[in-house]
Amino acid sequence: PHLAAAAASATMASAAEVAPPDGADGCGGPSQGVEFVVREVFAMFVRPASSSGELQRMDEGSREGDDAYYVPSTFAPRLLHGGGGGRQRAAAEKEGLPLKVFSETYRCWVPPAVVAHSPRLCSAAGEGEGGLGGAAREITLTSFKDKLGEKTPLVSAKGLLECIALASRSFTSAPPSPPPQPSSPAPPSPAVAAASDGAVVLRPRLRWLRVVQIFAAAHFLGLLDIAALARERLWRLISLKTISGITAAALAWDDLDLLRPCYWALLFALGVPPPGPSLLRLGLSRGHCFEYRCRRWPLAAFSAAAEVAAQRRALARAPPIADNFAVCRLHWSGSEVVLSRETSSSTLQELMRASIFDGRTAVLSAGAGCKDLACFAPSALAALGGNREFSEACCGLLEVGSQGRRAVLREGVELLPGGSSSTRCPVTAQKLREALPHPAPGELGTLTWEVCTSLDWRLAVEAPGLPVLRSCSTEGGGLELVLEGQEHQTPWLALGPADPPGAVAGRGGRMLCFRHPMGTDLAFAVALLAEHPWRQ
């Protein structure tokens, strides 16, 4: 209750009227631009300076000093963080701590094109925290140290001005020029830059918190283009140091496109064996919620990101059926194996690709040809040291055993593997596994090379929902999967012989045909096990 009165009395900048540019009458319409005034009120908790440890209570009616307002006594012990003597803590519990309040005011003129794109600036309705009202479009932000607001989370005055500068460069030919104000604080250095093609981009080497403030300001003003610009930069800034803050921004503004890479970055951090990063650093120390700056979200808030990944996997695993058969081609692309579908005599559509790690593990991920759903593989995992196993594009993990005679196709991720450690409480870890939505670990199929009576090898495939299939050799080194005793029937899968290099320009590789209900991931795993020289 004291912050409203303190904001009026402790303002460092002048509140004098600002004359609009020539040609504008200041009524605040989309056709002429508006004046934008941001007042940011800061509240800082200070410890008593008395050497005796006693609090000197000031008159609550006084408005002359910064220390005229007090924190309620119930919150005072938390602010001391265990410091001070017994008398100091007893006095804090009795009277509270002094509250130091000051504020700053920023002003700028917003061009008409930006006003037309911003629902907040177009409308003069709304009062209270985060409300815009009057012809001059004023807003008051209340900022606490180590506390995230409910209505304007991570929104700052500098972030609002930088967001408006970006929008002005995007929608107009020149950035906004604030009217001269000798008493106003110096505006922040511009975060906008121009690309070689003339497009507006964020200046390189911006700190992640500054980009988050621009992102929050863009959402607050309704400037979706600027929010997308900041979101793309935040994708590349995700790391173990910034993951909690960027995730909080995505949850606070309900931005699914930013939450998706943050979700998979969290899963990667939780999948590292001990010692690994601490749960407190990730904002998951309580086990049942995500916490950042005293604000909490239930772990069910990540359900939307988990559902998008589940739909993506289901789409990639489903066989592209044409007359109940799928006709594909298997070929190498650098160090990766690519499975593509033939859409015409000269066109290939990529369905899935496999990256081989450690010589015994292959990660199957959805290819660029799956465009029915949003295709996104977070590049932020590269900064975290991760791979495609921890991304929504992952469709399975093929683990090959010793000498390449047995392989298991798995799905899902294991959270907090390797038991407890000094940074992971076993009770909290169990709560986290139960509460956080994630793809559960499981087996999609088992592939085994068996020795038949003719001293030759044959492949046996076992998968849920399918009968046991075994291979039979064909002319030219091909492979077919059939049921036992039905070698002369239509095979379930047929892998053709390898084409001679350069036989058809750009079309080297092996043909792969399979039929329903065998999925693309299982068929790709069979072809990969036969193609890669694991048994040699």
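Modeller: Arg 205 counts as exposed, because its relative accessibility is 84% (exposed means over 50% relative accessible area, buried under 20% and partly exposed in between, with a 1.4 Å probe and protein chains only). The model is predicted, so local features need pLDDT of at least 70 and side-chain atom pairs count only at pLDDT 80 or more, while totals for chains, interfaces and linings use all residues. Residues are numbered from 1 along each chain as its sequence is written, and side-chain values use heavy atoms, with hydrogens and water left out.

Arg 205 is not a glycine, yet its phi is positive, about 65°. Arg 205 sits in the loop between strand 6 (200-202) and helix 7 (helices are DSSP runs of H or I with at least four residues, strands are E runs of at least two, both numbered from the N terminus).

Helix 7 covers residues 208-221. Its 14 residues should span 20 Å at 1.5 Å a residue, and the end C-alpha atoms are 20 Å apart, which agrees (the expected span is 1.5 Å times one less than the number of residues). Of those 14 residues, 11 are buried, so helix 7 is largely enclosed by the rest of the structure. Among the buried residues are Trp 208, Phe 215, Ala 216, Ala 217, Phe 220 and Leu 221. Gly 222 follows helix 7, and its phi is positive, near 80°.

Next comes the packing against helix 8 (residues 224-237): the axes of helix 7 and helix 8 come within 8 Å and cross at roughly 150° (axes are lines fitted to C-alpha atoms over the stretch in contact, with angles from 0 to 180 degrees between N-to-C directions). That makes helix 7 roughly antiparallel to helix 8 (over 145 degrees; under 35 is roughly parallel, 65 to 115 roughly perpendicular and the rest oblique).

On the helix 7 side, Trp 208, Val 211, Val 212, Ile 214, Phe 215, Ala 218 and His 219 meet residues of helix 8, namely Ile 226, Ala 227, Ala 230, Arg 231, Arg 233, Leu 234 and Leu 237 (contact means heavy atoms within 4.5 Å). The residues of this contact divide into 11 nonpolar, 1 polar and 2 charged (Ala, Val, Leu, Ile, Met, Phe, Trp, Tyr, Cys and Pro count as nonpolar, Asp, Glu, Lys and Arg as charged, and the others, Gly among them, as polar). His 219 and Ile 214, both in that contact, are also listed as buried.
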